[in-house]
Every structure is written in C-alpha cells, then in structure tokens.
Amino acid sequence: LAYMNQGTIFSAQRDHLQKQKALIEAEREALTQETEKLLAQRKETQKLLDEYGEVKKKTAKFSKEQKIFNDQKEKWLGAKGSVDAEKERLQALQQKLTERYENEFNKFVNETQEQRL
C-alpha cells in the first residue's frame with residue numbers, strides 16, 4: 001500500500017511537472033513569437049529611419065540647390081535690369097542723336113535755301 005501511495009504521489013508529481021513544462025513551453029513559444037514580431041518591427045523601423053535619412057539628405061540638397069538657383073536668378077534679374085537700363089540709355093542717345101541730326105539737316109536746308117535767294 002505504501003508503495004502504491006508513493007507511485008500515486010510520483011505519478012501526480014510527474015503530471016504536475018509535465019503540466020508546468022507544457023505551460024513553460026507555451027510561454028516560451030509566445031515569447032518567441034513576440035520576439036519575432038519585435039524584430040520585424042525593429043527591421044521596419046530601421047528601414048523607415050533609413051528612408052527618412054535619405055529624404056532628409058535629399059531635402060538638404062534640394063534646399064542648397066534652390067538657394068543657388070535663387071541667387072543666380074537674382075543675378076540674372078539684376079543683369080537684366082542693367083541690360084534694360086543700358087538699352088533705354090542707348091535708345092535715348094539714339095533719339096537725341098536723331099533729333100540733333102534732323103536739326104542740323106534742317107538748319108543746313110534753311111541756310112542753303114537762304115543762300116539761293
């Protein structure tokens with residue numbers, strides 16, 4: 001009877017340990033799955049960080065190029081203003097010379113007509 005009692009106790013202990021082992025294995029499996037999820041999220045997060053870094057670099061490069069373009073645009077507009085001013089100056093000079101020539105020509109014509117008379 002004592003032997004049978006020990007067998008029953010041993011059997012109960014074995015069943016209890018098997019249940020604990022099964023619970024531990026289930027918990028281990030759950031933790032493994034959670035770890036895999038976290039690693040996948042970490043990988044995705046790293047990918048997003050890398051993409052963000054690339055975007056940030058491109059944005060900085062674009063800003064630099066835009067500043068250069070705007071500086072050049074200002075120079076071009078300034079040069080255009082200078083060209084326009086020079087063009088106006090030359091047109092005014094041409095007008096002045098044309099008027100002077102017409103006045104001299106009219107004066108010559110008048111003097112010539114007076115000499116004929």
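Tutor: Glu54 and Lys57 are both part of helix α1 and stand three residues apart, about one turn of the helix. In this predicted model, their side chains meet in a salt bridge, with 3.9 Å from N to O; the pair qualifies because the cut-off for such a contact is 4 Å. Lys57 is exposed, at a relative accessible area of 57%, while Glu54 is partly exposed, at 41%.

This pair belongs to a set of three salt bridges in the structure. Another of them joins Lys67 to Asp71, whose closest N and O atoms are 3.2 Å apart. Lys67 and Asp71 are four residues apart in helix α1, so about one helical turn separates them. Lys67 has a relative accessible area of 53% and is therefore exposed; Asp71, with 36% relative accessibility, counts as partly exposed.

The remaining pair to describe is Glu86 with Arg89, whose side chains form a salt bridge at 2.7 Å, N to O. In general, side chains of opposite charge can pair when their charged atoms come close.

Helix α1, which spans residues 2-116, also contains Leu97. Together with Leu90 and Leu93, Leu97 makes a nonpolar surface patch of about 250 Å². Leu97 itself is partly exposed, with a relative accessible area of 45%.

Conventions:
Residues numbered from 1 in each chain as written. Predicted model: local features only at pLDDT ≥ 70, side-chain atom pairs only at ≥ 80, totals over all residues. Heavy atoms only, no water. Patch = residues over 30% accessible without salt bridge, like charges linked within 9 Å, V, L, I, M, F, W, Y side chains within 5 Å. Areas by Shrake-Rupley, 256 points an atom, 1.4 Å probe, with all protein chains shown as cover. Helix = DSSP H or I, 4+ residues; strand = E, 2+ residues; numbered from the N terminus. Buried < 20%, exposed > 50% of the residue type's maximum accessible area, 1.4 Å probe, protein only.
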